[in-house]
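Welcome! Please take a look at the structure below, and then we will walk through one of its pockets and one of its chains together.

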Amino acid sequence: MTKQIATFTINGRSRDAIIEPHFLLIDVVRDIFGLTGTKLGCGSGECGACTVLIDGEPVNACLTLAIAAGGRSITTIEGLHDGQAGLHPLQQAFIDHGAAQCGYCTPGVLLSMTALLAANGNPSAADVKSALSGNICRCTGYVKIIDAVLDAAARLRLRNERGAAA
Amino acid sequence: MGRVLQPFAYFEPSSLTEAIALVGAPDTRILAGGSDLILRMRRGEARPSRVVSLAKVTGLDWLAVSSAGDLEIGALATLSRVRQLVAASHQWGAFQDALDQLTPPQVHNTGTVVGNICAAVPYYDLPTALFALGAKPRIVGAEGERLLPLADFYVAAGTTALRRDELVASIIVPPSPVNAGSAFAKILKAARRASDVHKVNAAARLVIDAENGSIGEAAIVIGSCGLRPWRAPDAEALLIGAIAGEGVFEAAAVAAADAVQPLTDVPWVEAARRGFVRALVGDILNLAAQRARQHDGSAA
């Protein structure tokens, strides 16, 4: 079918790709752009391993046509960082709390939690669980993930307070 | 690349007229959020040779409450936007319950209410809730526009009354009077055998006289127990005119359970299904009545 050049804004950079209408976003992100941090799990929108942010909102890249994401702002795990190059506070908190085991679900979890913290800087454990409900982790039992997210939220609040005071 | 979906011709009309002209061709599917269609295409259950995306059609992301109080949800309004508005409106408790229980969260950001309705999947939740609330899809086609109650919209599993050159532009949910209340609930479990009952959902809406507590209007809708959601008129008849209370709700729940048509020839499966319906209907009638008395149809 018809090949076309589509322009994506991915992790803040404008990038072109030759795609066909039936290409899924996850395949374009992984195979054309080489951003393999996004994982394919169930392929049916249940596990959340393929979660990316489109215009700041978590979506399943395995159920999204790439062509439908053209022109919108896509964030993958490779685009998650703190300012220039350092780890995002969520990533640091995941390391500090040992919130990853095999790590396959971690990119998707981090992106879902990034969207949560952007919308709600002071989430309760119930808010975290609700926002996590589309990301399945078969290793950790979620306790350390929830602890890490709450800790990251606290660190971000503290930083914002200091930033406001300065 | 592209190893999962089979190729198709892709159309992105920019107006409703253009879209209607495109959807009539054979072997065409309409794409809104894609959370149902793309999944079906991945599984090979749908193999359209043409896909018409509504993404660029102007006016379909409409979402508003009219001056008459109707909630109109355009075909591109995502579940997350609708959920926000419904939660703030405190009117459509059953709809709010169903949206709150819909997972995963990622689907809220892409999936649409109209897409969920049009998929005509017998075990989806929003059709059951919206049926109880009297919602009507607004169907547009080459021959004009029509409003069809959900009762007439579903023909069978996966099939709607949409003609080939028609599409659903929006769905309209009527306003709720102050003494109305509604609720939705579901039972979900792992199906260990093909015949297992893996899900039952139900929604109810009651209008209760604030003076004497009698029930003026009642709707009970059962989903996942047949090829489309259905009303339980015998159970509703027990409620109309009665004073709202647990006794009459229990009687209605029993009547609704008795109305369930068997889907298998396994007696214990059918007994379990009726048991779930009875429990759910009892619960949602109590909750709907509580909301009607609080003059607040919401789940809050």
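**A pocket between two chains**

The lining of the second largest pocket takes at least two residues from each of β4 (57-60), α4 (106-119) and α5 (125-132) of chain A, and from each of α3 (79-89) and α5 (105-110) of chain B. This is a predicted model, in which local features need pLDDT of at least 70, side-chain atom pairs count only at pLDDT 80 or more, and totals for chains, interfaces and linings use all residues. Residues are numbered from 1 along each chain as its sequence is written, chains are lettered from A and ligands numbered from 1 in the order in which they are written, and side-chain values use heavy atoms, leaving out hydrogens and water.

**The pocket lining**
- α3(B) gives the largest share of the lining, 5 residues.
- Among the 26 lining residues, Ala131(A), Ser80(B), Arg83(B), Pro105(B) and Asn109(B) lie nearest the pocket's centre.
- By type, the lining has 9 nonpolar, 12 polar and 5 charged residues.

**Chain B as a whole**
- Chain B has 11 helices and 14 strands.
- Its radius of gyration (taken over C-alpha atoms) is 20 Å, close to the 19 Å that the globule rule (2.2 Å times the number of residues to the power 0.38) gives for 300 residues, so chain B is as compact as a globular protein of that length.
- Of the 300 residues in chain B, 53% count as buried, meaning under 20% relative accessible area (1.4 Å probe, protein chains only).

**A covered helix**
- In helix α4 (residues 93-100) of chain B, 7 of the 8 residues are buried.
- Phe95(B) and Leu99(B) are among those buried residues.

**Confidence**
- The model scores ipTM 0.92 and pTM 0.93.

Terms used. 1 Å grid on protein atoms, 1.4 Å probe; cavity = no way out; pocket = protein on both sides within 12 Å on 5 of 7 lines; lining within 4 Å. Helix = DSSP H or I, 4+ residues; strand = E, 2+ residues; numbered from the N terminus. Nonpolar A, V, L, I, M, F, W, Y, C, P; charged D, E, K, R; others polar. Buried < 20%, exposed > 50% of the residue type's maximum accessible area, 1.4 Å probe, protein only.
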